[in-house]
Amino acid sequence: MTSSAEQKNSDRAVRAAGGARAGDGARAAGGPADDARSGGEREGGGALWGGGMPRWLPRAMVLFLVLVGLFQLADWAFRQLIDLFVMLLVAFFLSLALEPAVDRMAARGVRRGVGTFLVFVAVGVAVAGFLAALGTLLVDQVGKIAGDLPHLVDNLIGWVNRTFHQDLSLDELQKRLLKDSGTIENYAQQAADNVWGVSSSVIGGLFQAFTVGLFTFYFTAEGPRVRRTVCSLLPPARQGEVLRAWEIALAKTGGYLYSRALLAVVSAAGHWVMFALLDLPYAVALAIWVGVMSQFVPTIGTYLAGALPVLVALTVEPVDALWVLVFVVVYQQVENYLLHPRITARTVDVHPAVAFGAVIAGAALLGAVGALIAIPAAATLQGFVGTYVRRYEVATDPRIDRGEQRRARRELRREAARRLRRMVGGDGE
């Protein structure tokens, strides 16, 4: 039995050795299984290293080119329509400012279209009156300067001769001007070309104003329908949020406009009294100019408002110009610290630093239009954030209000001293 077991083990080892030699021969001869595996490896290597193009690559390239083309088309369309978008944005904010007045008239039974037309007429009359007063002032001052021009030129020539020790005369200046008539003709030609450019700019500006006015009329007259259309595109859970944001924008924008209008009226009245006391020409027009420019032109409006009456006063009496400058500066401080906080406390309560930053950001994004709508937009955003952002009470901490404890102790000492003086005074009596 032992020999038979050993014989079986020997036969099994021989068969294993033979199978191994057969496998080596098949691999050496390149058998079918090995060929399939090597073919798959070659195919995979070709897919990775360029031996063959994958099926998804042409579709991916076509899709990429289509997406790039769509992006270029959208970018081109946006650049072409940017002016329209800006006009729509301006019209939307103007409609927000005018809609409260239309809503009041609609509540009394006036149709919204008629109410919007009446509001537009009132605004148009106010703007036309302002431009007429300013134009009358400008024409009169230009005519006065043209009439006094020879006298002013003589004074200028005399000052140059005294200061620089020259011997100039009006006849010599005329000869030099006639000598350089070619240069003057070139300047005149350039001015004529600029006139054509200015004329086209004016026509384009009038067209843009008409477009803004048309959209503003539709947005104001169809305010409820516009809101209903926008809400119909949103699920019910979002409609309330959109309407709440819309109401905040209405309140803040209308409040901004009406508070500025009230401040403009007060400013115009105060400056008119001062200009009338100084007996300045066109005191009413100058006062309206100061009131409107100081309130509706952000950041630099105050300086533009005060510059014109100062220049007009210089043509009358230099001392009057000094008094006008002093009054403008003093009134600005009174307005900033007394009138403005009281009037805008319930309408557009925006911190001056926030307003200044908003104006800079609006001017950087949309130019003059962005600067004009920056403050109501910032007030709307502030009101919206204040509605949805939860605030918590802050405990008294000296790390927050530095110096507050010292001020409180100082007030207590002053109060104790006042009580002691009253007690001593009472005992003396």
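Which helix gives the most to the lining of the largest pocket? Helix H3 does, with 9 residues. The structure is a predicted model, in which local features need pLDDT of at least 70, side-chain atom pairs count only at pLDDT 80 or more, and totals for chains, interfaces and linings use all residues. Residues are numbered from 1 along each chain as its sequence is written, and side-chain values use heavy atoms, with hydrogens and water left out.

**Overall fold**

- The protein has 14 helices and 0 strands; helices (H or I, at least four residues) and strands (E, at least two) are DSSP runs numbered from the N terminus.
- Of its 429 residues, 22% count as buried, where buried means under 20% relative accessible area, exposed over 50%, and partly exposed in between (1.4 Å probe, protein chains only).
- The protein exposes about 30,300 Å², and carbon and sulfur atoms supply 66% of that area (Shrake-Rupley method with a 1.4 Å probe; for residues, only the protein chains shown count as cover).
- Among contacts between residues at least 6 apart in sequence, 63% join residues at least 24 apart; a contact means heavy atoms within 4.5 Å.

**Largest pocket**

- The largest pocket has a volume of about 2,000 Å³.
- On a 1 Å grid over the protein atoms alone, a pocket is an open set of points with protein on both sides within 12 Å along at least five of seven lines, a cavity is a set where a 1.4 Å probe fits but cannot get out, and lining residues have an atom within 4 Å of a point.
- Grid points are joined across faces, edges and corners, and a volume is the space filled by probe spheres set on the points.
- The largest pocket is lined by 43 residues, of which Leu94, Val123, Val127, Leu257 and Phe296 are the closest to its centre.
- At least two lining residues come from each of H3 (56-107), H4 (112-164), H6 (181-221), H8 (236-277), H9 (283-296) and H13 (368-388).

**Largest cavity**

- The count comes to 1 cavity of 30 Å³ or more, and the largest cavity holds about 50 Å³ of space.
- Two or more lining residues come from each of H8, H9, H10 (301-316) and H11 (318-344).
- H11 gives the most to this lining, with 4 residues.
- The residues lining the largest cavity include Ser267, His271, Thr302, Tyr331, Gln332 and Glu335.

**Helix H12**

- H12 (residues 352-366) has 15 residues and should span 21 Å at 1.5 Å a residue, which agrees with the 21 Å between its end C-alpha atoms; the expected span is 1.5 Å times one less than the number of residues.
- Its buried residues are Ala355, Ala358, Val359 and Gly362.
- These cover an arc of only 100° around the axis, which puts them on the same side of H12; the arc is that of the directions from the helix axis to the C-beta atoms.
- Exposed residues Ala353 and Ala364 sit on the face of H12 turned away from the buried side.
- Just after H12, glycine 367 takes a positive phi of about 75°.

**Helix H7**

- In H7 (residues 223-232), Gly223, Arg227 and Cys231 are buried.
- Seen down the axis of H7, these residues fall within an arc of 65°, so they line one face of the helix.
- The face turned away from the buried side of H7 carries the exposed residues Arg225, Arg228 and Ser232.

**Alanine 379**

- Alanine 379 lies in helix H13 and counts as buried at 3% relative accessibility.
- Its C-alpha atom is separated by 9.8 Å from that of glycine 255, 124 residues apart along the chain.
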